[in-house]
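Dear colleague,

I am handing over the structure below for your study. Please keep it open beside this message while you read the notes that follow.

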Amino acid sequence: MSERIYDLGEQDLASLLIGKTITEINEETREITLSDRTVLQLEDVQDCCAYFDGILKKIDLTENAITAVQYKNLGEDEYDEHWELTVLSVDKAVCAIEIDGNSTSGYYCHSIALIIKKPTEES
């Protein structure tokens, strides 16, 4: 079973991660695997002339229990945006998601999407 969150934000990610543990990060497929076997996969979004791309960066997975997700604006101009969501454990950063994009007129997408894949009974 899977669901999709469009225009991923800090609170969306926090609600899925806080109190859980990340067991694996695959930067190539942009997947975060949690200890309950749920997989979170980042998805680039394009709608008309707006677009947003996400980059997943693994930092440190040793002994992590997620306590917060932090938003940081890395710069923007009239249309272009560049920001980062950092996943934090008690005393360190666990991973970061950099998001770059352009919302053009503002009526289209405003971020990347997140696909949430829940484990099935058989898996």
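Two strands pair if DSSP finds at least two bridges between them. Please note also that this is a predicted model.

With that term in place, I begin with strands β4 and β10. Strand β4 covers residues 39-43 and strand β10 covers residues 113-117; the two run antiparallel and are joined by five bridges.

Four bridges connect β2 and β3 in the antiparallel sense, and I22 has L34 as its bridge partner in β3. The two strands form a hairpin with four residues between them, and R30 in the turn has a positive phi of about 60°.

The second topic is another open sheet. Five strands form it in the order β5-β6-β9-β8-β7, and the pairing is again antiparallel. The edge strands here are β5 (45-47) and β7, each pairing on one side only. The twist from one strand to the next averages 15°. Nine bridges join β8 to strand β9 (residues 93-102), and these strands run antiparallel; L88 has A93 as its bridge partner in β9.

Finally, I turn to the aromatic rings. How many aromatic pairs does the count come to? The count comes to one. The ring centres of Y71 and W83 are 5.5 Å apart and their planes stand at 45°; planes under 30 degrees apart would count as stacked and over 60 as edge-to-face, so this pair is tilted. Y71 lies in strand β7 (residues 68-76) and W83 in strand β8 (residues 80-88), twelve residues apart.

Are these two residues buried or exposed? Y71 has 40% relative accessibility and therefore counts as partly exposed. W83 has a relative accessible area of 8%, and is buried because the limit for that class is under 20%.

Yours sincerely,
A colleague

How values were computed: Residues numbered from 1 in each chain as written. Predicted model: local features only at pLDDT ≥ 70, side-chain atom pairs only at ≥ 80, totals over all residues. Heavy atoms only, no water. Phe/Tyr/Trp six-rings, centres within 6.5 Å; stacked < 30°, edge-to-face > 60°. Buried < 20%, exposed > 50% of the residue type's maximum accessible area, 1.4 Å probe, protein only. Axes fitted to C-alpha atoms, helices over the stretch in contact; angles between N-to-C directions.
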